[in-house]
Amino acid sequence: MVVLNRIYTKTGDDGTTALGSGERRPKYDLRIEAYGTVDETNAAIGVVRLHTHDMPEFDAMLGRIQNDLFDLGADLAVPEREGKAERLRVVASQVERLERDIDALNDKLAPLTSFVLPGGTPAAAYLHVARTICRRAERVIVELAAQPGEPVSAAGIQYMNRLSDFLFVASRAANHNGAGDVLWVPGQNR
């Protein structure tokens, strides 16, 4: 259980922050950037959910994803080290559930004939914002994983990759199962 009695600690006033392991890092550290951008993705999904009250199953999917993103933040906040007790990690079953949700939403959609522009319903537009933040988070996580001595779980990377796919498919689902998609018209304004 998490207990937060004091919100400000003043320990970050020197420009550092603590990982879940207690190790202090500069606030610009790539690991901090990684889980901070995951948090930003989560916040964007929270905005989407302001527009999904009339879609309870869809909203429940988004709620599960928000919880998974907290799991991923916890995973990233405690680098895996040999000889250390195992902490919360994103696992393959979370990725698999996301794939099932993608398939369930995609089964109701007609194939695309063009690229989709962000827009349509408010939920769809905000899902595109969340998707682009998610892609940025994925890039940062992959960059972190490429650094020597900076372990990142493979399932965490896979989760973010699938999540951006989910958010794209979900944007189409939120656009009345694709009927309200705003399609790109190449060269339209020449």
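Residues are numbered from 1 along each chain as its sequence is written, and side-chain values use heavy atoms, with hydrogens and water left out. In this predicted model, local features need pLDDT of at least 70 and side-chain atom pairs count only at pLDDT 80 or more, whereas totals for chains, interfaces and linings use all residues.

Helix 4 (residues 122-145) has 24 residues and reaches 34 Å from its first C-alpha to its last, close to the 34 Å expected at 1.5 Å a residue, the expected span being 1.5 Å times one less than the number of residues. Helices (H or I, at least four residues) and strands (E, at least two) are DSSP runs, numbered from the N terminus. The buried residues of helix 4, among them Leu127, His128, Cys134 and Glu138, where buried means under 20% relative accessible area with a 1.4 Å probe and protein chains only, pack against helix 1 (30-48), helix 2, strand 3 (116-117) and helix 5 (154-174).

Leu163 touches Thr41, Ile65, Leu69, Leu98 and Cys134, residues up to four places away in sequence not being counted; contact means heavy atoms within 4.5 Å.

The lining of the second largest pocket takes its largest share, four residues, from helix 2.

Note on methods
Buried < 20%, exposed > 50% of the residue type's maximum accessible area, 1.4 Å probe, protein only.
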